[in-house]
Amino acid sequence: MHSVMNFRSGMIAACCISAFLLCACDDTESSIVLPQEQTTSTSTTTTTISSSVSADGTTTAETTALPNETTTSASESTSLTSDATSATTTTATSADTDKDGYLLDMLTIGDDCTAYVKQHTDYTLQEAASCLGDGTDRVYYYADRVLYTCFDGTTDILMEIDITADTIATRNGATIGMTQSEVEALHGTPTDGTYLTVDGTLEFIYADNTVVRIAIYNPY
């Protein structure tokens with residue numbers, strides 16, 4: 001359905017805090033320990049001595065014990081910080097692409113892809129004089145994708161992306177190797193065999209009811 005250097009219509013271009021109460025009691029001192037607060041109450045006795053002189057000259061000393069309660073309250077504020085580390089694990093699935101991110105977020109049909117191919121150099125290039133006019137038709141073959149472009153000497157305009165391995169999925173999750181019913185469960189029933197998406201026209205190519213190629217291009 002695709003030839004090496006032929007674009008469609010001229011070019012085939014995603015705790016329980018347990019409440020804890022400890023009470024130790026005696027006649028003179030009590031200590032209550034609550035979570036995050038400790039209060040100590042201590043009773044002491046102050047002795048007051050007073051003297052008086054009687055009429056016969058006798059001095060009488062009276063001792064009076066007065067209760068004097070001193071309460072010392074020590075409050076501790078303890079910040080219990082629970083660092084719940086949320087570990088997001090990305091599992092390599094068929095929806096993943098190369099290490100730099102999702103393919104369709106990095107490439108746009110109709111845009112210059114010069115920067116992309118300079119950064120991703122693991123391709124085999126074939127090119128020939130453009131069948132659409134001036135310039136050069138180029139085909140970049142990667143392990144799991146093929147890029148069809150038109151080079152005018154300065155810019156390399158992306159005409160089509162073909163997905164050729166299950167390491168890249170469509171935004172809805174369809175991949176190479178799925179059956180038509182699996183694809184339609186994700187994308188719905190196609191119109192004229194294609195889907196109109198934000199990335200361009202999306203087409204699944206089948207062999208024996210199995211997806212063998214996924215093409216994304218602009219309609220002409």
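Two strands are taken to pair if DSSP finds at least two bridges between them. In this predicted model, strand β6 (residues 136-141) and β7 meet that criterion, pairing in the antiparallel sense over six bridges. The two strands form a hairpin with three residues between them, and Tyr140 stands opposite Leu147 in β7. On its other partner, β7 is joined by seven bridges to strand β8 (residues 156-163), again antiparallel. Here Leu147 stands opposite Ile161 in β8. β7 and β8 also form a hairpin, with four residues between them, and Gly153 in the turn has a positive phi of about 105°.

Strand β7 (residues 145-151) is largely enclosed by the rest of the structure, because seven of its seven residues are buried. In a regular strand the side chains alternate between the two faces of the sheet. Both faces of β7 are covered, with Arg145, Leu147, Thr149 and Phe151 buried on one side and Val146, Tyr148 and Cys150 buried on the other. The charged end of Arg138 sits over the ring of Phe151, 3.8 Å from its centre, and Arg145 lies over the face of Tyr142 at 4.1 Å from the ring centre.

A search of the whole structure finds four aromatic pairs. Tyr123 and Tyr140 form an edge-to-face pair, at 4.9 Å centre to centre and with 90° between the planes. This pair links distant parts of the chain, 17 residues apart: Tyr123 lies in the loop between α2 (114-119) and β5 (124-129), and Tyr140 in strand β6. Tyr140 is buried, with a relative accessible area of 2%, whereas Tyr123 counts as partly exposed at 29%. The rings of Tyr123 and Tyr142 are also edge-to-face, since their centres are 5.6 Å apart and their planes stand at 65°. Tyr142 lies in the loop between β6 and β7, so this pair ties together parts that are 19 residues apart in sequence. Tyr142 is buried, at 7% relative accessible area. Tyr116, Tyr123, Tyr140 and Tyr142 form one aromatic cluster.

Asp199 is placed in the loop between β9 (194-197) and β10 (200-207) and is buried, with a relative accessible area of 17%. Its side chain makes a polar contact with the side chain of Arg171 (2.8 Å). Leaving aside neighbours within four places in sequence, Asp199 is in contact with Leu104, Ile109, Arg171 and Ile216.

The mean pLDDT of the protein chain is 71, and 54% of its residues reach 70 or more. Over residues 9-51 the pLDDT is below 50, although the stretch has 95 contacts in the model beyond near neighbours in sequence. Where pLDDT is low, the predicted coordinates should not be read in detail.

Terms used:
Residues are numbered from 1 along each chain as its sequence is written. This is a predicted model: local features need pLDDT of at least 70, side-chain atom pairs count only at pLDDT 80 or more; totals for chains, interfaces and linings use all residues. Side-chain values use heavy atoms; hydrogens and water are left out. pLDDT is the predictor's confidence in each residue, from 0 to 100. Contact means heavy atoms within 4.5 Å. Buried means under 20% relative accessible area, exposed over 50%, partly exposed in between (1.4 Å probe, protein chains only). A polar contact is a pair of N or O atoms within 3.5 Å; within protein, one must be able to donate a hydrogen and the other to accept it, and residues adjacent in sequence count only if both atoms are side-chain atoms. Rings of Phe, Tyr and Trp (its six-membered ring) pair if their centres lie within 6.5 Å; planes under 30 degrees apart count as stacked, over 60 as edge-to-face and the rest as tilted. A charge sits over a ring if NZ of Lys or CZ of Arg is within 6 Å of the ring centre and within 35 degrees of the ring normal.
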